[in-house]
Amino acid sequence: MDSGRRAPAATPPAVARLRRAITLFFALDGFVFAGWVVRIPAIKEQIHASAGALGLALLGVSVGSVGTMLLTGKLCRRYGNHPVTVAAAALLSLSVALPALTRSALQLGLVLLLFGAAYGGLNVAFNAAAVDLAEAVRRPILPSFHAAFSAGGLAGAGLGGLLAPHLSPLGHLLLLTATGLVITAYAGHVLLRTPRPAVGHGPLRDGTEAIPGRGRVPLRRTRLLVTVYGLITLCTAYGEGALADWGSLHLSTDLHTGPGAAAAGYAVFALMMTVSRMSGSRLLERLGDTPVLVAGGLLAAVGMLVAALSPQLWPVYLGYALTGLGLANVFPVAVGGAGALAGAHGVAVASTLGYSGILLGPPSIGFLTEAYGLPRALTTIAALAAVAALLGRLVRRGRRAAY
């Protein structure tokens, strides 16, 4: 079932087809997820849920995602990254319409478990497919895929904002389902018909790990390095999740801005992430992984300190922009590093830790806000970004020692 029959080498036309197809899946993921998010207020009203009940129901997405990622890594190793990508994308497209059919917070939470499982599975599978392609062409192309995810998210949120006054949640989410299935059918046909590039990583019988272009390294050291990459994704995803939920609130509560100015803060952050990822491949080719990890983490740390502690609006916007520029490529570089070391399993471990950071970020900020206030709580984003920069430096030393 591997869409994937292993090819001796990926020909340029095959590479171009695979890259377009995988890019479409990344964009679809961001588009569908953002389209769902903008309808959360309408779904809350539909099921007559309190804020607390809605919060518990929304945990279904995170629990479903994190709980499925390691399993998806095993499925990818058994059946191939491409078939699992297609199956997960189809399930994501179908399940996004289910929240509009619910009538209680319990029902919503249950269907969001399924939606989250599809979302998490798709993230592991298409990242593993992207890592394989990057290894085959020997170019750092992962940031371009993550740029497609960000662009898809912006498009989904923008279209959702336009459609929300005119379409019911069910009509809107069914439109997402139809769009998702059409894209899945087109891009999935390409993935399933195009041979998977040969990359050659994986554990061997003598307790070593085969790394493309590196030979064999001890399996224990490989697992340790994958875990460190996973911790880097956790540190950066913590910031992404926390800013998504608390960035606008910081502007409205602490700086007393209006709703438009508050919403613009997160928009600046998301836009800068997209722009930075679009140029990420060139940056990586010019500077290399470690400088991008270290500089990105430090830039995000400085930007978030400015955003959290400044009493003026424009420095906060600047801080959000710097944070977006800094964090943008850290996550894809770390996932790519883990995938290069251990294939789909490495992607699954890094993704699981990363999305755990998204899960932990918003509630952690909430608890810290009650104790110390929101500005000080937001400085934890800066602290973890600095930790990511340190880990990026350490993982380079670890890889040198391994090889």
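Reader: Leaving aside neighbours within four places in sequence, which residues is Thr274 in contact with?

Author: Thr274 touches Ala147, Ser150, Ala151 and Leu154, where contact means heavy atoms within 4.5 Å. This is a predicted model, in which local features need pLDDT of at least 70, side-chain atom pairs count only at pLDDT 80 or more, and totals for chains, interfaces and linings use all residues. Residues are numbered from 1 along each chain as its sequence is written, and side-chain values use heavy atoms, with hydrogens and water left out.

Reader: Why is Thr274 called buried?

Author: Buried means under 20% relative accessible area, exposed over 50%, and partly exposed in between (1.4 Å probe, protein chains only). Thr274 has 4%, so Thr274 is buried.

Reader: What makes Phe26 and Phe145 a stacked aromatic pair?

Author: Rings of Phe, Tyr and Trp (its six-membered ring) pair if their centres lie within 6.5 Å; planes under 30 degrees apart count as stacked, over 60 as edge-to-face and the rest as tilted. Here the values are 5.4 Å centre to centre and 25 degrees between the planes, so the pair is stacked.

Reader: Why is this pair said to tie parts of the chain together?

Author: Phe26 lies in helix α1 (residues 12–37) and Phe145 in helix α6 (residues 142–163), so the pair joins parts 119 residues apart in sequence. Such helices are DSSP runs of H or I, at least four residues, numbered from the N terminus.

Reader: How do you know whether Phe33 is buried, exposed or partly exposed?

Author: Phe33 has a relative accessible area of 23%, so Phe33 is partly exposed.

Note on methods:
Helix = DSSP H or I, 4+ residues; strand = E, 2+ residues; numbered from the N terminus.
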